[in-house]
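Here are my notes on this one, as numbered points you can check against the coordinates.

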Amino acid sequence: MSWAAGAAWPRPGSDSPPPDTEAPPLGSAGLAREGGTSLCGLAVRVRSCERVLVWRGRALAVCVSHSPLPLLPSTICAPSRGLWCCAWQQSAMRRAALRLCTLRKVLLTPVRGLIQGSQHPEKESVLHVYEVRDKLREIVGASTNWRDHMKAMEERKLLHSFLAKSQEGLPPRRMKDSYIEVLLPLGSQPALREKYLTFQNTIRFGRILEDLDSLGVLICYMHNKIPSANMSPLSIVTALVDKIDMCKSGLSSEQDIKFSGHVSWVGKTSMEVKMQMFQSHGNDFSPVLDATFVMVARDSENKGPAFVNPLIPEGPEEEELFRQGELNKGRRVAFSSMSLLKMAPSAKERTTIHEMFLSTLDPKTISFRSRVLPPNAVWMEDSKLKSLEVCHPQERNIFNRIFGGFLMRKAYELGWATAYNFGGSRPFVVAVDDIMFQKPVEVGSLLFLSSQVCFTQDKYIQVRVHSEVSSLQSKEHRTTNVFHFTFMSEKDVPLVFPRTYGESMLYLDGQRHFNSMGVPVAVKKEYRVEP
């Protein structure tokens with residue numbers, strides 16, 4: 001930074017300002033207007049300065065950033081009060097104007113100004129994906145050092161007093177208050193590509209799931225921002241991945257990707273987040289996927305529920321989004337109440353299972369125990385794949401539990417391998433739905449993932465991944481997540497047949513999730529979204 005001389009300094013013996021006296025930033029105390037600033041009767045055009053040093057209404061100096069600044073005489077506008085309200089003598093105004101006009105001949109190159117803003121605001125305002133988790137750590141005060149995580153969590157206990165006693169005591173927010181855009185610069189920063197590349201030079205969808213999970217949490221923190229607090233007292237975690245629908249456009253590993261999203265519905269302690277992903281094609285961004293996540297807010301110690309700011313929709317489009325959020329909540333409740341773990345299959349589903357059973361009986365024997373596979377079919381038990389992960393601190397989230405995006409990535413990659421192994425050709429993800437985070441996964445746990453094909457139709461493969469954990473001290477296993485992925489193969493796949501009653505329920509559950517996808521989409525050749 002450098003100071004360029006403006007109006008004359010006061011003579012010795014006058015009310016000289018101290019050397020470090022500095023005017024407030026442009027835009028404060030009525031000094032600045034769009035495109036210009038007024039200094040006690042003399043207004044100057046400011047296109048690129050940072051600050052103006054003023055004492056008793058006299059322009060003393062202008063701070064510029066590395067480049068000279070043109071100062072142009074403009075209109076006259078007197079400030080309102082205080083030191084900024086000193087009337088100048090006519091001679092003083094002439095002397096100041098003369099010096100300002102002299103500066104114009106010397107300072108020719110404009111630089112960025114606080115009023116005008118950046119010449120490329122889209123490049124400065126958009127957050128990068130790799131900055132999202134750093135921003136989340138700042139919001140909750142999480143430590144980047146695993147050794148300090150206990151101390152950081154103890155400090156969060158002091159934030160308990162900032163929690164609202166009821167939702168009525170919180171100011172309502174709008175959807176645009178939580179809107180954010182995040183850039184994944186695969187094209188402009190090639191060094192990032194390796195993290196997102198598959199061995200077939202395509203995009204790892206598991207990495208995209210990680211980014212969506214982090215972004216959803218950040219969006220909710222923006223919705224519940226407390227201006228008076230440096231850190232948020234809320235602990236916001238992912239409760240459910242309601243739906244991720246893929247569009248038909250392909251993903252290139254050499255083009256930038258943009259994420260955007262906002263809160264679309266709010267309950268008492270939960271929030272629905274809508275997110276979209278786009279990829280650059282020329283000068284435009286084409287849609288790639290739509291995602292709906294459900295987040296829940298908990299207290300500063302992540303032990304109990306906490307209230308969130310209410311949401312006020314503005315205009316017909318936002319009202320429709322909010323109404324859809326209410327419908328989604330009702331749909332989830334209805335789907336859960338009709339779970340096969342709670343209710344018997346419908347009459348139509350029972351008929352389906354019985355017909356499948358009869359088609360596997362050996363016609364040479366009259367026995368229910370003699371089972372044979374129909375042509376082009378596979379037993380469900382033969383479609384399984386399993387994996388084991390040791391949960392290290394590197395994969396922890398901002399609350400020192402295992403990051404939900406990491407769990408989704410590992411489950412997806414195992415599901416993709418299961419679909420590849422079953423269908424015999426490269427599968428492409430079509431939809432992700434109903435990923436319920438039932439219990440947190442602690443650092444140091446053993447994570448067991450079990451994947452199997454539970455339903456097929458034509459080229460579609462419905463894969464279910466079951467996740468459970470156990471500690472190194474205990475052999476007890478606890479279910480933490482159930483993941484549902486819909487893939488499409490490049491060719492028709494075999495039918496999958498259940499052999500037991502339990503597998504029959506898995507088949508019906510997979511059929512329900514497949515049917516909830518709606519009208520199946522066609523895969524284009526350029527559709528390249530893989531693990």
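1. Leu-447 sits opposite Val-469 in E19. Before going on: this is a predicted model, where local features need pLDDT of at least 70, side-chain atom pairs count only at pLDDT 80 or more, and totals for chains, interfaces and linings use all residues. Residues are numbered from 1 along each chain as its sequence is written, and side-chain values use heavy atoms, with hydrogens and water left out.

2. Ser-450 has His-466 as its bridge partner in E19. On labels, helices (H or I, at least four residues) and strands (E, at least two) are DSSP runs numbered from the N terminus; two strands pair if DSSP finds at least two bridges between them. E18 and E19 make a hairpin with two residues between them, and Asp-458 in the turn has a positive phi of about 55°.

3. What does E19 pair with over ten bridges? That is E20, again in the antiparallel sense. His-466 turns up here too, with Val-482 as its bridge partner in E20. Ten of the eleven residues of E19 are buried, so this strand is largely enclosed by the rest of the structure. Buried means under 20% relative accessible area, exposed over 50%, and partly exposed in between (1.4 Å probe, protein chains only).

4. Zooming out, eleven strands form an open sheet with mixed pairing, in the order E8-E9-E12-E13-E14-E11-E17-E20-E19-E18-E16. The edges are E8 (127-128) and E16 (385-390), each pairing on one side only.

5. Now the helices on that sheet. H9 (residues 404-423) lies across E11 (235-246), E14 (284-298), E16, E17 (428-437), E18, E19 and E20 (478-488), and runs at about 45° to E18. H10 also packs on the sheet, touching E11, E17, E18, E19 and E20, with its direction at about 75° to that of E18. Contact here means heavy atoms within 4.5 Å; axes are lines fitted to C-alpha atoms (for helices, over the stretch in contact), and angles run from 0 to 180 degrees between N-to-C directions.

6. H6 (residues 205-223) packs on H9 at an angle of about 160°, with the axes 8 Å apart. That makes H6 roughly antiparallel to H9, since angles under 35 degrees count as roughly parallel, over 145 as roughly antiparallel, 65 to 115 as roughly perpendicular and the rest as oblique. Phe-205, Gly-206, Arg-207, Leu-209, Glu-210 and Asp-213 in H6 meet Gly-404, Gly-405, Phe-406, Met-408, Arg-409 and Tyr-412 in H9. By class, this contact has five nonpolar, three polar and four charged residues (Ala, Val, Leu, Ile, Met, Phe, Trp, Tyr, Cys and Pro count as nonpolar, Asp, Glu, Lys and Arg as charged, and the others, Gly among them, as polar).

7. For H8 (residues 347-359) and H10 (residues 501-516), the axes come within 11 Å and cross at roughly 125°. That makes H8 oblique to H10. Glu-349, Thr-352, Ile-353 and Met-356 of H8 make the contact with Ser-504, Tyr-507, Leu-508 and Arg-512 of H10.

8. Last, Arg-137 in H3 (residues 129-140). At 25% relative accessibility, Arg-137 counts as partly exposed. Arg-137 and Asn-397 are 260 residues apart in sequence, yet 9.0 Å apart in space, C-alpha to C-alpha.
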